[in-house]
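Open your viewer and get ready to select residues by chain and number. This tour goes stop by stop.

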Amino acid sequence: MSAALLLALPIAMFALLAVCWPLRHTGRFAGMLSAAVAVACFGIAVALFASGRSELYEYPWLVRSGHVIASVGWRLDPTSASMLIVVTAVAACVQIYSLGYLSHEPPKDLGRYFAWQSLFIFAMVGLVVAPNLLQLVGCWELVGLCSYLLIGYWWRKPSAGKAAVKAVWVTRFADIGLMTGIVVLYGATGGFAWDHVLAPQVATAVAALLFVGVMGKSAQMPLHVWLPDAMEGPTPVSALLHAATMVAAGVYLVVRAWPIFHAAPDVLVVMSWVGGVTAFTAACIALVQTDIKKVLAYSTCSQLGYMIAGLGSGEMLGGYLHLTTHAFFKALLFLAAGSVIHATGTNDIREMGGLWRKAPWTAGLFGAGTLALAGIPGFAGFFSKDLLLEELFEAGRYGPLVLCLAGAGLTAFYMTRVMCLVFSGEQKERVHHAHESPFVMLAPMLFLSVPAVAAGWFAGPFAERLGLEYHFSVTPVGGIATIFALGGVGLGVARYGIGQLTWLAWPAAATFLASAPVDRLWAAAWRQGLLPFARAAGWFDRYVVDGLINLSGWVALEGGERLRLLQTGKVRDYVYAAVVGVVLLAAWGAMQ
Amino acid sequence: MIPWLSIIVLSPLVAATVLLFVPAASRAVTRIVSLAASLVSLAGSLAVAYAYNIAEGGYQLRETHVLIGALGIRYDVAVDGWGVALLLLTGITLFAGVFATWTLEDRDKDFYILLLTLVAGVFGVFVSLDLFVLFLFYEIAVLPMYLLIGIWGSTKKVEASGPFAFLYRKMDVGGREYAAMKLTLMLLIGSAFILVGILAMRQEAGTFDMLALGNAHFSRSMQMWAFPALWLGFGTLAGVFPFHTWSPDGHAAAPTAVSMLHAGVLMKLGAFGVMRIGMVLLPEGAQAWAVVVGGVAVINIVYGALGAMSQKDLKYVVAYSSVSHMGVVMLGAATLTVNGWNGAIFQMVAHGLMTGLFFALVGLIYNRAHDREIFRMGGFASVMPGVAVFFTIAGLSSLGMPGLAGFVAEFLVFLGAWEAGQWVWALAGIVGAWVTAIYVLRAVRAIFWGEGPPERYHHLSDAKGPEWVALITLGACLIAFGSCPRLVLDYIDVATNTYLPMVLK
């Protein structure tokens with residue numbers, strides 16, 4: 001058994017569903033097959049991780065005069081093996097869940113959905129096991145493609161189409177940096193390996209350029225604008241791509257290319273600030289969202305900010321650990337949110353309330369996810385966030401640290417708000433007809449809730465596997481973070497659960513940010529910048545470049561018309577012309 | 001030994017001759033003869049690829065016959081690595097083109113005669129070693145276009161405005177006769193430049209033989225003016241700015257198979273000429289002018305992409321994207337690096353397949369909807385899902401999605417640009433790919449996504465029988481060459497390694 005299977009199975013599944021349309025059009029059966037493959041992949045990933053072995057296989061993909069420019073293949077090491085578990089576990093859960101969540105879809109569409117899900121597993125596994133940056137970037141684009149296709153799953157809906165296209169435009173804009181980065185890396189080292197020792201300036205340039213790509217994919221300010229829109233896709237897609245795995249690819253890239261980033265301290269400082277600002281502002285925006293998926297989307301931005309800030313401290317473990325724990329609890333939260341939406345038929349949390357009586361399992365699972373995300377001691381998110389903040393403190397990055405700490409309080413507050421508005425209080429009209437989700441949806445959530453609660457307890461062995469050290473200890477920073485988290489929960493319960501503290505209006509900052517000034521800035525750049533520029537180019541081409549060519553054609557035509565008049569057909573005129581010619585020639589001859 | 005190259009070159013000509021004697025009414029015979037010719041050429045291209053020994057390199061499968069002894073003009077054909085790749089491209093595109101126009105009814109016999117003649121010219125250019133014969137083939141490839149567009153083309157009036165509007169009305173801009181005339185005249189002016197360049201080489205070296213010319217030493221002063229002459233001459237066909245404007249009008253007016261072959265294959269003749277004749281035979285000129293060639297290529301890439309973004313007519317969008325993508329070819333050529341040149345030739349193949357697929361699809365949509373205005377369409381995926389899938393594949397290849405051929409080509413060119421020390425070129429190319437993503441996905445969304453198509457489009461149907469063959473052939477090749485680039489890259493690389501040292505010596 002090897003990592004090759006993890007690549008071969010999903011791509012074979014995709015090819016089968018893509019080519020064999022009768023199978024695809026069965027819908028549900030195709031979905032079950034695809035889900036079975038996903039589960040098998042999870043099994044293989046666990047076995048590979050348990051065996052603890054390393055593999056490296058490279059096939060020369062691009063060759064130039066005998067030597068290899070780029071290879072493709074797989075590299076199995078503790079980092080990729082652990083990430084594989086995260087990816088396949090969430091993917092398998094999401095696919096099983098989708099069987100229930102999308103059960104009312106037309107069979108054709110369902111088959112298409114699962115074909116793309118399989119393609120996504122292939123692309124994401126390819127990204128995780130990439131032996132070099134070129135394959136990583138290649139698969140990075142492929143997961144972007146899956147994101148485009150899956151956001152646009154309901155392609156008849158205009159808003160879904162817009163969101164899908166926007167996601168590609170923004171992330172590919174960031175990829176200008178990423179592509180340039182690997183071109184520069186090739187120029188410096190003649191390859192795409194990330195463990196070459198680079199000169200400091202080169203390392204800084206490469207790391208900075210790669211980080212631009214990371215900002216796009218991992219939705220960092222100000223390139224986060226595509227992620228909330230991406231919620232147009234089906235909720236399981238949001239859970240898998242836009243919360244747990246694909247958006248974390250940016251963070252994973254930093255973890256993989258750690259030697260490059262580690263050699264670029266300036267870039268690390270920028271990273272921790274970008275991460276800190278994202279963590280705080282996205283949390284602010286999440287405070288005032290009324291769409292349950294949008295709350296979680298901004299929360300994802302915010303948590304990705306934590307990871308980036310953590311990596312910016314110069315230590316890898318905190319950010320990476322947070323990636324893994326976040327993948328589990330955020331996927332759980334999204335699936336639970338999907339269950340809520342499935343039950344009530346709306347995304348708007350103001351129309352919900354008292355749902356816990358109708359859907360107790362969902363309420364409990366959402367609650368578990370909330371506690372993990374809020375960083376309540378004992379739950380998974382607590383350990384990783386604590387470690388990450390500690391690293392920031394040790395590195396002396398106090399600015400980002402303060403932003404992250406404030407964000408921790410806000411996180412607890414907005415999640416408590418959602419919990420209270422959705423599950424407690426009076427039952428609104430929508431909730432009267434609500435029902436608990438079927439087992440096929442609850443089972444994956446139950447499965448995910450285990451690591452969402454307990455993953456943090458294994459941080460020590462996890463770190464050991466990566467060759468790093470981790471010991472939990474109570475520190476002042478952790479203490480403050482815990483107080484903030486508990487305080488956030490307390491205030492949230494007081495405000496939304498009990499209905500006290502109504503004076504706790506939205507801070508001006510949250511309201512302002514929620515009006516999406518960054519969004520508007522980008523939209524203006526598009527409408528008032530790029531589009532007119534393109535139109536100007538089109539006009540210039542039609543009327544200036546082409547105009548000159550038409551002018552020459554016109555001159556030829558008109559000139560011909562005029563010259564035609566010389567051919568009068570009268571002998572007299574021709575004799576005149578001949579005489580004038582003879583005289584001129586004679587004069588010329590005389591002058592010689 | 002089977003003379004594969006002659007078979008490839010002559011089979012379209014033979015078929016065209018046979019068609020002359022087929023009654024115009026017998027549609028089936030016309031189709032079968034054309035298809036047979038395209039199959040023979042395709043099989044021949046595959047046989048050449050199989051027979052070509054990569055380890056050995058150089059020119060292989062050579063056949064020589066003296067044509068005009070006194071002038072030293074010979075029918076001298078052989079194939080190198082670049083030739084193998086481009087023969088494959090031409091064979092595949094012709095094969096797909098015949099299927100894509102399977103349903104043509106208007107004077108179809110004449111159409112296929114001209115089309116096959118044109119393709120014979122293309123094959124001839126890629127394999128000729130004698131510059132005179134090469135030029136002859138070049139003209140054979142270019143001239144039928146005039147009739148093909150003028151007779152079977154489509155007219156779409158341009159609403160001219162502004163101070164020069166009178167010019168546009170006078171010239172009948174947008175008409176198919178206008179497009180045919182403009183294309184032919186511009187390319188013929190280019191031919192004049194090429195002829196001057198070729199004669200200058202003959203004057204100094206006393207031969208038309210490319211192999212001998214490769215070893216000749218041309219004076220620097222001659223190279224300095226002859227190279228730009230060849231660059232502009234061939235470059236006009238490759239869509240080099242500012243001599244690209246025949247392309248949008250020409251491609252928009254041309255019938256489906258003609259657009260496919262013209263954008264897919266003929267434009268490559270230009271780029272091939274610039275590289276194989278201009279750069280390899282005139283190395284000093286090439287080195288001196290490389291910066292200019294690259295700079296103009298950058299304009300092509302970005303300006304072409306912006307032009308495509310500004311268009312509302314689907315054919316114009318695709319035509320401008322060709323201008324942009326041919327810029328990538330010229331950029332790769334200008335880098336004078338192995339990666340850049342490999343990328344340039346690979347881009348010729350990738351773009352040929354991609355744009356062939358694009359034009360096949362555009363023709364298919366136009367045949368059904370009788371409209372090319374992107375923003376008047378919408379929701380077409382419900383009525384033509386197959387077309388939507390292949391359009392998306394072509395679009396993804398053009399925006400550089402890994403796994404499809406376009407990515408490999410563009411990426412190699414970017415690497416080459418960086419190695420050449422021109423970071424602006426690399427950056428411009430990457431930005432161009434981003435702009436491509438904008439206009440391609442915008443078009444995909446406007447045409448195929450959204451709520452069901454407008455009422456008048458409900459009757460539209462998906463691709464049918466023979467059309468599927470065209471779409472699947474081109475789409476499958478894009479995927480195959482993109483995921484296993486060495487299928488063609490190994491051929492390209494061996495030729496690049498022969499020629500680049502000749503330029504850099």
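**Stop 1: a strand in chain B.** Select B:Leu61. This residue sits in strand β1 of chain B, which covers residues 60–68. The model is predicted, so every value on this tour is computed from it. Now look at the backbone angle. Phi of B:Leu61 is near 60 degrees, a positive value, and the residue is not a glycine. Is B:Leu61 buried or exposed? Burial here takes 20 or more other C-beta atoms within 10 Å. B:Leu61 has 21 C-beta neighbours inside 10 Å, so it counts as buried.

**Stop 2: a loop residue in chain B.** Select B:His370. Find it in the loop between α15 and α16 (385–398) of chain B. B:His370 is not a glycine either, yet its phi is positive, about 55 degrees.

**Stop 3: two cis peptide bonds.** Stay in chain B and select B:Phe241 with B:Pro242. The peptide bond that joins them is cis, with omega about 0 degrees. B:Pro242 lies in the loop between α10 (220–237) and α11 (246–253) of chain B.

Now go to chain A. Select A:Met221 and A:Pro222. A cis peptide bond links this pair, and omega is about -5 degrees. Look for A:Pro222 in the loop between α8 (200–217) and α9 (226–229) of chain A.

**Stop 4: chain A as a whole.** Colour by secondary structure. Chain A has 26 helices and 2 strands. Next, think about contacts in chain A with a separation of 6 or more. Of these, 82% are between residues 24 or more positions apart.

**Stop 5: helix α1 of chain A.** Select residues 3–19 of chain A. This is helix α1, with 17 residues. From first C-alpha to last, α1 reaches 25 Å, close to the 24 Å expected at 1.5 Å a residue. Pick out its buried residues: A:Ala3, A:Leu6, A:Leu7, A:Leu9, A:Pro10, A:Met13, A:Phe14 and A:Leu17. What do they pack against? Among their partners in chain A are helices α3 (28–51), α4 (78–101) and α5 (107–128). Strands β1 (55–64) and β2 (67–76) of chain A are also included.

**Stop 6: the largest nonpolar core.** Show both chains again. This core has 433 residues. Helix α15(B) gives the most to it, with 19 residues. Which residues have the most contacts inside the core? They are A:Ala331 and A:Leu332. Select A:Ala331 and look around it. Leaving out residues up to four places away in sequence, A:Ala331 touches A:Val90, A:Cys93, A:Ala239, A:Leu240, A:Ala243, A:Ala244 and A:Leu448.

**Stop 7: where the chains meet.** Colour the two chains separately. The contact takes 47 residues from chain B and 41 residues from chain A. Which helix gives the most to the side of chain B that touches chain A? It is α18(B), with 10 residues. By class, that side of chain B has 28 nonpolar, 11 polar and 8 charged residues.

Methods: Residues are numbered from 1 along each chain as its sequence is written. Chains are lettered from A and ligands numbered from 1 in the order in which they are written. This is a predicted model: local features need pLDDT of at least 70, side-chain atom pairs count only at pLDDT 80 or more; totals for chains, interfaces and linings use all residues. Two residues are in contact if their C-beta atoms, placed from the backbone, lie within 7 Å. Helices (H or I, at least four residues) and strands (E, at least two) are DSSP runs, numbered from the N terminus. Ala, Val, Leu, Ile, Met, Phe, Trp, Tyr, Cys and Pro count as nonpolar, Asp, Glu, Lys and Arg as charged, and the others, Gly among them, as polar. The expected span of a helix is 1.5 Å times one less than its number of residues. A residue is buried if 20 or more other C-beta atoms lie within 10 Å of its own, exposed if 12 or fewer, and partly exposed in between; C-beta atoms are placed from the backbone. A nonpolar core is a set of buried Ala, Val, Leu, Ile, Met, Phe, Trp, Tyr and Cys residues joined through C-beta atoms within 7 Å.
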